[in-house]
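Subject: Handover of a structural model

Dear colleague,

Please find below the structure that I am handing over to you. My notes on it come after the display.

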Amino acid sequence: MGDLVANLALGFSVALSVQNVALALVGCLVGTLVGVLPGVGPIATITMLLPITFGIHPVGALIMLAGIYYGAQYGGSTTAILVNIPGEVTSVVTTLDGHQMARQGRAGAALGVAAIGSFFAGCVATVIVAALAVPLTRLALLFGPAEYASLMMTGLAFAVVLARGSVLKSIAMTLLGLLLSTVGTDLETGVERMTFGYLALADGLDFAVLAMGLFGFAEVLRNLEAVEARDVVRQKIGQVIPTRQDFRQSAAPIVRGSLLGAALGILPGNGAVLGPFASYALEKKLARDPSRFGRGAIEGVAGPESANNAAAQTSFIPLLTLGIPPNAVMALMVGAMTIHGIVPGPLVMTRNASLFWGLVASMWIGNLMLLVINLPLIGIWVRFLKVPYRLMYPAILVFCCIGIYSVNNSPSDVLFTAAFAVIGYLLGKVGLESAPLLLGYVLGRLLEENLRRALAIARGDFSAFVHRPVSAVLLAVAVVVLVVAVLPGIRKERDQVFAE
Amino acid sequence: MKTSLAVFAAVALSLPVESPRAAYPERPITLVVPFAAGGPTDIVARIVSEHMSRTLGQQIVIENVAGAGGTTGITRASQATPDGYTIMMGHMGTHGAAPAVYPTLKYDPVKDFAPVGLAAGTPILIVARKTFPAKDLREFVAYVRANATKLNEAHAGVGSVSFTTCTLLNSLLSAKPTRVVYRGTGPALNDLVAGQVDYMCDQIVNLVPQIQAGTIKAYAVAIPQRSAALPDVPTTKEAGLPDFQVSAWNAIFAPKKTPPEIVAKLNDALVRALDDENTRKRLLDLGADIADRPGRSPQALQKLVESEVARWNRVLKAAGATTR
Amino acid sequence: MPDDQRGAPTPPPPRRRIQAPQDFVAGLGLMALAAFALWASADVPAGRLGSPGPGLLPRAIAVLLGLTGAALVAGSFLWKGDPLARLSLRGPLFVVLGVIGFALTVRSPGLVVAGPLVVMVGGAASPETRYRELAVFAVVITAFCVGLFRYVLHLPVPILVLPGLVTI
């Protein structure tokens, strides 16, 4: 305990230097901006700003880059709530209830709860990183391919719960998402699947393409039709800050989301993406009236937002304790550290104590800064909603197009987005929702790779999934979630029929 | 009419027309790195290009175009205008093994490029999980030969450095382990540390910290001299497997018809960067292997590409490890 | 009311009428997608269950998708659902044209053309658009984007690229 205090003291002394505070601020501002802009993500930005950090001391450079990363999480929820465009994978779930709240004139409350929840989650996660980094890493190493595959199965079960409407349709969309995730070059054999020879498809579809197309552009198409509904919404100003009732409803989801996200973020192998989905599923199951979800339930924003920010912080753990990056952004951090002469590895904690603890302390400072930056911005964002739609949507089009192009500098990505815009529009016309599709897509690759990997290591023996304890537990959870989700669904459809 | 013609002529003449030979470079140069940022090739590219920018007087901007083992980025860069403002960082995979791995490859490493020069190579290491039952390379070789079918070898996907180099290793050992694929070296290394897989062949850059911390075991480094970053790890020559000599070399290329004067200028900047104390130190700290002076010329690079293409073609076809 | 009509039994509900048109169309669409996916991955080796090849999972998922689609179609005859909504042409058409235009022009001639293009063509998608206002807005927003993406975020978005003449 005394060690922890001493280390934290060291960390804060490093993080509170004028230069490092300024760098954290720059990082958070740029991160928020990047999160708000659709398509542009922390990866592109960190890559571009990397050369600028060459002249800065390593700790400062990392503080700034880290600020960009978790700042983007805060910003991503803004577009998800305001215009139904998830800026990052982790903001997909926020669109479900967050945007509905915006349509009801409660955008301010949604944004406020998202910011406050994220701050709380950040605090919790920073404490976890500081106190439990090493033991948690050891736990995370227990997660092999079989456990990951089972975790992904559990994730898929959550997809069913995501549905606003029919369970069958939700399952169908999840399957479609899974199918889309297989497009591309197979990792193991190099065989091309469903690419029809297009070089652009050789690496599969990009998440940003799907998200922009199915959510962003398709939403524009829908709004262009439903003129009356859209304009009425724009008249309502609504509360700019959350009410006491909102706080009361959000408190428990925020705590649960933070813990859930923190736990999943540690898993190397991008388990962090599951955080918001798991939190949403959990809140929907625990709520007294689950039918509110998908129609503007504040718990559906509070929980997932806390989860995604907690996961963003704890995903630094595998990087800092093992030197192995759990996702593409952390891989960039590895590069950044290496270029600055610090090769990340298990010895960084001891050899470069001031780096490790300085970064940890600066995470907390960064979260505080983000809260301070984002809360006043809410008033500005809410006012954006009053821009006449005839100007708003062309602006959305431009920003999304540039954002998509900038991901891979590829015009074919933009073309694919247009295709998915039409697909998303048509899907909406027949009552098929896009959120489970995105979840299926995100999980698809992780599921397939880990499944095949586990089978390769186990030489084809399926019982491996059940013999290993963690995997067995996860599979059991998946089955339970599925059963619990499907049963009431069937009952509801039958009720609907009888009501007619 | 005449006035407008005159005005038009004046405007047209004053537009920044590109005269490629005159005073190259006049604006920033794009260096295409065909891998995700943060990886070994990207890091080498950034370290080297930082110094080159100073010599050339213009910024070198790195553009990461990842995909299909690096071939996506190289394909795109090879089709760029050959005016010296788009160059690329290729490596052992993209300009050596690619023709054997990708039958539908849209470029020919030998014919479609103007080689600029070799930058730095990253030696390959043979590493295993820390509980692997072998004390040194000889025991490793014996164990693998005897138990190959029970072993799991990790690699980062068909066409990656870890894949091609371990194909060579496995064929030298006449071993057929189960090859487990990961999306990138990070996850592969993670499972090696966790003990889920048995061994791997990878570039030194990723492995140094793990070896120093003892989370994995290193048996040998596949270059003629020991690496300064890991002085305790023997070379394959010393340890009894001299045929396994691989370095994941990284080199700068320009598109096919780039004027020779521009190539010469780029080569000169590259050579100066590799001579610079600071740059050398950063590369050597990573464990990278800097080419010696004779090896840095465009002609030497062309010879290297030709020999590597032939070599990997032989190795990979023999092992049957090509797509389709 | 004539006697025979009051006592006559009500005619049975017409069978084979689609009760849930949306579900019906959705199900058919999914089945079509599943069939397409099966066709597209026909030449990819599937391997065995214990050692799955690259084709196993896509095909398995496609089959499951087709079954789900079939279930939806079957259900559309049994349970009531929402009727088909009308499709509009103008909105999707112009938005898509605008985005395609952007994709074709962004590399060359660059953002200065692609930006206003997608704004103006996309603007045609809405009947509320006031073209003169939109034209000014197009220029303003493109300039803003140039400043933001290129100069603040340092992203290599092509601003003005005329091969042989100018590259920004």
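The notes below go through the chains, their interfaces and some individual residues.

This is a predicted model, in which local features need pLDDT of at least 70 and side-chain atom pairs count only at pLDDT 80 or more, while totals for chains, interfaces and linings use all residues. Residues are numbered from 1 along each chain as its sequence is written, chains are lettered from A and ligands numbered from 1 in the order in which they are written, and side-chain values use heavy atoms, with hydrogens and water left out.

Chain A

Chain A holds 22 helices and two strands (DSSP runs numbered from the N terminus: helices are H or I with at least four residues, strands are E with at least two). Its radius of gyration (taken over C-alpha atoms) is 22 Å, close to the 23 Å that the globule rule (2.2 Å times the number of residues to the power 0.38) gives for 500 residues, so chain A is as compact as a globular protein of that length. The C-alpha trace of chain A spans about 70 × 60 × 50 Å along its principal axes. Of the 500 residues in chain A, 66% count as buried (under 20% relative accessible area; exposed is over 50% and partly exposed lies in between, with a 1.4 Å probe and protein chains only). Contacts (heavy atoms within 4.5 Å) in chain A between residues at least 6 apart in sequence join residues at least 24 apart in 79% of cases.

Chain C

Chain C has six helices and two strands, which follow the pattern α-α-α-α-α-α-β-β along the sequence. Buried residues make up 40% of its 168 residues. Among the contacts in chain C with a separation of 6 or more, 58% are between residues 24 or more positions apart.

The interface of chain A and chain B

In this interface, 42 residues of chain A are in contact with 42 residues of chain B. The two chains bury about 3600 Å² between them, 58% of it on carbon and sulfur atoms (buried area is the accessible area, with a 1.4 Å probe, that two parts lose on being put together, summed over both). The rule finds one salt bridge across this interface (a side-chain nitrogen of Lys or Arg within 4 Å of a carboxyl oxygen of Asp or Glu). That salt bridge joins the side chains of B:R183 and A:E449, at 2.5 Å from N to O. On the side of chain A that touches chain B, α3 (42–49), α15 (328–339) and α20 (435–457) of chain A each supply at least two residues. By class, this side has 22 nonpolar, 11 polar and nine charged residues (Ala, Val, Leu, Ile, Met, Phe, Trp, Tyr, Cys and Pro count as nonpolar, Asp, Glu, Lys and Arg as charged, and the others, Gly among them, as polar).

One residue of chain B deserves a separate note. B:Y182 is found in the loop between β6 (178–181) and α7 (185–194) of chain B, and at 1% relative accessibility B:Y182 counts as buried. Not counting residues up to four places away in sequence, B:Y182 touches residues of both chains, including A:L187, A:R453, A:I457, B:H155 and B:V197. The side chain of B:Y182 also makes a polar contact with the side chain of B:D191, at 2.6 Å (a pair of N or O atoms within 3.5 Å; within protein, one must be able to donate a hydrogen and the other to accept it, and residues adjacent in sequence count only if both atoms are side-chain atoms).

The interface of chain C and chain A

Here the contact takes 70 residues from chain C and 66 residues from chain A. About 5800 Å² is buried between these chains, 81% of it on carbon and sulfur atoms. C:P54, C:I61 and C:L153 supply 9% of the area that chain C buries against chain A, more than any other three residues. The rule finds two salt bridges and 13 residue pairs in polar contact (both at pLDDT 80 or more) across this interface. α2(C) gives the most to the side of chain C that touches chain A, with 10 residues. The residues of that side divide into 50 nonpolar, 13 polar and seven charged.

Backbone geometry

Most residues other than glycine have a negative phi, and most peptide bonds are trans. A cis peptide bond joins C:S108 and C:P109, with omega about 10°. A:N84, which is not a glycine, has a positive phi of about 65° and counts as buried at 9% relative accessibility.

Yours sincerely
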